[in-house]
Amino acid sequence: MGSPVVLGIESSCDETGAGLVRDGRLLGHAVASSMDEHARFGGVVPEIAARAHVHAVRPVIRRVLDEAGLRLSDIGAVAVTTGPGLAGALKVGLAGARTIAYALDVPLYGVHHLAGHVAADTLEHGPLPDPCMVLIVSGGHTSLLLVRDLARDRIVRLGDTLDDAAGECFDKVARAFGLPYPGGPAIDRAARAGDPRAVPFPRPLPASHDFSFSGLKTAAARWAEGHAGRDLPVADGAASLQEAVADVLTGKAVAACTEHGVGTLVVVGGVAANSRVRSLAEERCRAAGVELRLPPLGLCTDNGAMIAAVGDLLVRAGAVPAPLDVSIDPSAPLEYAALHPAASPAGVAG
């Protein structure tokens, strides 16, 4: 008998995702986004996100089951994001996952959101090489990781975001440029008509594995302010900003591969969908003799398939499931793929 079908549920921010994975194979995934509801505020509003998850979680699970041609009773394990993320949003996903696991009497696994992004690539390219270098770039996180066995081994964090993450930088600068939310796709679109050498934006922390995009964000905002009263060359600004971000991300990642003797770089997270990040990573990996792995665009942003992928790995590794009263940890550091925070002393999770 093969491995069970694993249902993954993701609700850490503004996407409600459900995915089904078995033996490393993606059976289906569905996502409902509340992004349009946040757009007029220029960023995610936690209360709106949590309410949107309440309305979306059941339809999304039903949709993915229909897509896979499965019934709820076919699920043999449930995995859910237990952190990091917005507290209210995480609680909605956990409540749904806990209910299904209890009703079906199947194991429940808590998953670290960032480990989910790492595992997303396995659904396209198969098992991760041991070791591999992983660059996670998203709205709230920029991390450089040395990964061995994702389901069993401790994840070694070589570098992290010290202030603004790459995606956060895109969002904030897009607003200064008069571009819509979310800023990442808007910057990418505007940059197509611009000159990436037009503005000499800084490259922060060139000699470190850590990331800092606050100074770059400030430099871009001041550049925009300097054009007050006259037309702002948005395309040039967007192209130059995008080039600076891509240069920093890919330069650090490839250098870390060389330093640690690692032959594979995996780039994941929402900003991994950025066209210049992808193309520059390809150029630099080719020059350095490093294999580059990039998930398909649909698996770069938050989704339930990536959580199901981690759950599938944990099941096949014989990992101990979480207790049904597992809680959430909105600011959980990344140490292991499984994340099973203990319930509160009073017995009330979350």
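Contact here means heavy atoms within 4.5 Å. The model is predicted.

Start with the pair α4 and α11. Helix α4 covers residues 113-120, and helix α11 covers residues 304-316. On the α4 side, the residues in contact are H113, A115, G116, H117, A119 and A120. They meet M306, I307, A309, V310 and L313 of α11. By class, this contact has eight nonpolar residues, three polar ones and no charged ones.

Two packed helices are described by the angle between their axes and the distance between the axes. For α4 and α11, the angle is about 90° and the axes are 7 Å apart. Angles of 65 to 115 degrees count as roughly perpendicular. Therefore α4 and α11 are roughly perpendicular to each other.

Now turn to helix α8, residues 214-225. How far apart should its ends be? At 1.5 Å a residue, the twelve residues of α8 should span 16 Å. The end C-alpha atoms of α8 are 16 Å apart, which agrees.

Which residues of α8 are buried? They are L216, K217, A220, W223 and A224. Seen down the axis of α8, these buried residues fall within an arc of 125°, so they line one face of the helix. The face turned away from that buried side carries the exposed residues R222 and E225. What covers the buried residues of α8 includes α6 (166-176) and α9 (234-260).

Take α6 next. The axes of α6 and α8 come within 9 Å and cross at roughly 10°. Angles under 35 degrees count as roughly parallel, so α6 is roughly parallel to α8. From α6, the contact uses C169, K172, V173 and A176. From α8, the contact uses L216, K217, A220, A221 and A224. Of these, L216, K217, A220 and A224 are among the buried residues of α8. The residues of the α6 contact with α8 divide into seven nonpolar, no polar and two charged.

Where does E283 sit? Its place is in helix α10, residues 275-288. E283 has a relative accessible area of 40%, so it is partly exposed. E283 and T250 are 33 residues apart in sequence. In space, E283 and T250 are 9.5 Å apart, C-alpha to C-alpha.

Technical notes
Residues numbered from 1 in each chain as written. Predicted model: local features only at pLDDT ≥ 70, side-chain atom pairs only at ≥ 80, totals over all residues. Heavy atoms only, no water. Helix = DSSP H or I, 4+ residues; strand = E, 2+ residues; numbered from the N terminus. Expected span 1.5 Å × (residues − 1). Buried < 20%, exposed > 50% of the residue type's maximum accessible area, 1.4 Å probe, protein only. Arc of directions from axis to C-beta. Axes fitted to C-alpha atoms, helices over the stretch in contact; angles between N-to-C directions. Parallel < 35°, antiparallel > 145°, perpendicular 65-115°, else oblique. Nonpolar A, V, L, I, M, F, W, Y, C, P; charged D, E, K, R; others polar.
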